[in-house]
Structure formats: C-alpha cells, structure tokens
Amino acid sequence: MPWNTMMDTLMKEMHTQGVTIDDIARVLKRVPIHPRFVPAIKAAHAAGCDLRIVSDANMFFIETILDHLGLKDYFSEINTNPGYVDGEGRLRILPIHDFTNSPHGCSNPCPPNMCKGLVIKRLLCEHGNKKLIYLGDGIGDYCPSLRLREDDHVMPRLNFPAYDMISSNPMLVKAKIHEWADGGDLERVLLSLIQDNLANGDDFNVDHQLINLDCKLEILPVTSDIELRPKVLCVPF
C-alpha cells in the first residue's frame, strides 16, 4: 500500500476509535521543530525570497503546523496531497496525482501519488529567470534534484535517502550540492547561499520539502566565518 493511501486508511481507523480532528491537530502542534528552522525561514523571507513547499505530506498537516508556528504567510505556494475533514469529522488524505487512472510515468523512484520533479519542472518553466534552491531529504526529493540547472542549488540532508542517492552518482546532478545535518546547518548554508547570490545581483526561488524547506539585499543573520560557509559535497570516484 502506498504511504499516502496508508495514511488515509489510518485516519479512518483512528476516527472509528474516537480520535477527533482536534486530537490530531493537538499532536501536530507538539511535533518538535529544530529551533533554527523558523528563524531561517523568516530570514529568507525577509530577504525577499519566494518560498514554496513541495511535500508528500498533506495540506491539513502542513497548514496546521504552519499556522501554529506563525509561518503560513511566509510561503507563496504549497504543493502537497489534499487533506480535508469530511462531513463525518474524519480526516481524508487523497493523492495529489490520481495514479490509479493516470500514472505520472516518472522513471525515477517517486511515489505513485506524487512526482516532485514535475512540480519543479513547472516552476522552472514559470520562473526560469530565477535561481532555485531545493532542500530535501527523502527518496522523492531525488527526482527534483535531477531537474535543477547548473546555476541552481540543492541541499540534501546528510545521511538521508536523497543525499545517499545523489552521492551514489553526483555527476547526474547539474546543480551545486550543499549538504546539511541539522537545523543549525540548514540555517547557515541556506542564508549564506542567499547572501552570496544577492551580492551577485541574482534573483531566485527557494523550494522546500517542508521546513520541503522561490531575494532584496539586506543584512542577513549569518556569520561570515570561513568555517561556516556552505560545504560542497565531495564524493570520491
């Protein structure tokens, strides 16, 4: 059973056992967030970046968490699976792509319900004049990494599936690769990339898998120490 379908089935079972939508929302609000994630998002937004979410979660989860953190207005677009509460008060989670009737046909290891590469392809067509920074960690984040161009940046999370797949053959990825391990790394690398690109007069988007993390030049809260500069992924051949 695909993960997306399993989540919908699980929500049905929870509903039959008396778990309410308010119960689910309360749990989502208790999900631990690295303390540097929120400042990184706010700093990128303050610099003028167009932030977008590309996630295989669902709209209800994402909007609940963003509302709780006060971040909903910081993102211009959320690409994810539909999630809504039906008339019986049950949370329904549907696929963003109807794979039973029309498979997306991607040959990369994308889940059947969502190809993030297709989302990035659309964004590149709509905003081809902007550079793009893509942050991700899962298997589904590999496909969009392959769509990026030489002037774009991809930030795979260290020792997670996307990083492992990129590391196995980094020559397939045209974009510049910058690893990160935790929220502190994410903030330093992301804001340093933004600062460097703005200093060169570039305009670009930032797409994130979700905290799936499309700038004006102003002082960003990032150190200039050389050891905190973005680290380029090096893989021996």
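This report describes strands, helices and selected residues of a predicted model.

**Strands 1 and 2**

Strand 1 covers residues 50-58, and seven of its nine residues are buried, so strand 1 is largely enclosed by the rest of the structure. Its pairing with strand 2 is parallel and runs over four bridges. Within this pairing, Asn58 stands opposite Asn81 of strand 2. The two strands also belong to a right-handed β-α-β unit, in which helix 4 (residues 59-69) is the helical part.

Strand 2 spans residues 77-81 and contains Asn79. Asn79 counts as buried because its relative accessibility is 10%, and the cut-off for buried is under 20%. Setting aside neighbours within four places in sequence, Asn79 is in contact with Ile53, Val54, Ser55, Ile96, Met114, Val119 and Arg122.

Strand 5 (residues 131-136) and strand 6 run parallel and are joined by four bridges. Tyr134 has Val154 of strand 6 opposite it. Together with helix 6 (residues 142-147), strands 5 and 6 form a β-α-β unit that is right-handed.

On its way from strand 6 to strand 7, the chain passes through helix 7 (residues 161-168), and this β-α-β crossover is right-handed. Strand 7 (residues 176-177) is parallel to strand 6, with two bridges between them. Here Val154 stands opposite Ile177.

Which way do the residues of strand 6 point? His153 and Met155 point one way, Val154 and Pro156 point the other way, and all of them are buried.

The buried residues of helix 7 are Ala162, Tyr163, Ile166 and Ser167. They lie on the same side of helix 7, because the arc they cover around the axis is only 130°. An α-helix has 3.6 residues a turn, so residues three or four places apart point the same way. The buried residues of helix 7 pack against strand 5, helix 6, strand 6 and strand 7.

Helix 3 has Phe37, Val38, Ala40, Ile41, Ala43 and Ala44 as its buried residues. These buried residues pack against strand 1, helix 4 and helix 8. Just after helix 3 comes Gly48, which takes a positive phi of about 100°.

The count of aromatic pairs comes to one. How are the rings of Phe37 and Trp180 placed relative to each other? Their centres are 6.5 Å apart and their planes are at 75°, so the pair is edge-to-face; planes over 60 degrees apart fall into that class. The pair links distant parts of the chain, as Phe37 is in helix 3 (residues 37-46) and Trp180 is in the loop between strand 7 and helix 8 (183-199), 143 residues apart. Both Phe37 and Trp180 are buried.

Phe37 also has a C-alpha to C-alpha distance of 9.8 Å to Asp185, although 148 residues separate them in sequence. Asp185 is in helix 8.

**Residues in loops, and a comparison of accessibility**

Asp137 is located in the loop between strand 5 and helix 6. UniProt lists Asp137 under "binding site", in an unreviewed entry.

Asn108 is found in another loop, the one between strand 4 (91-93) and helix 5 (116-126). Leaving out residues up to four places away in sequence, Asn108 touches Cys143 and Leu146. Between Asn108 and Gly140 there are 32 residues in sequence and 8.5 Å in space, from C-alpha to C-alpha.

| Residue | Relative accessibility | Class |
|---|---|---|
| Asn79 | 10% | buried |
| Asp185 | 15% | buried |
| Asp137 | 17% | buried |
| Asn108 | 23% | partly exposed |

Is Asp137 buried or exposed? Asp137 is buried, because its relative accessible area is 17% and the class takes values under 20%. Asn108, at 23%, counts as partly exposed.

Technical notes
Residues are numbered from 1 along each chain as its sequence is written. This is a predicted model: local features need pLDDT of at least 70, side-chain atom pairs count only at pLDDT 80 or more; totals for chains, interfaces and linings use all residues. Side-chain values use heavy atoms; hydrogens and water are left out. Buried means under 20% relative accessible area, exposed over 50%, partly exposed in between (1.4 Å probe, protein chains only). Contact means heavy atoms within 4.5 Å. Two strands pair if DSSP finds at least two bridges between them. A crossover is right-handed if, with the strands pointing away from the viewer, the path from the first strand over the helix to the second runs clockwise. Rings of Phe, Tyr and Trp (its six-membered ring) pair if their centres lie within 6.5 Å; planes under 30 degrees apart count as stacked, over 60 as edge-to-face and the rest as tilted. UniProt positions are given in the numbering used here, feature names are shortened, and annotations may be inferred rather than shown by experiment. The arc is that of the directions from the helix axis to the C-beta atoms.
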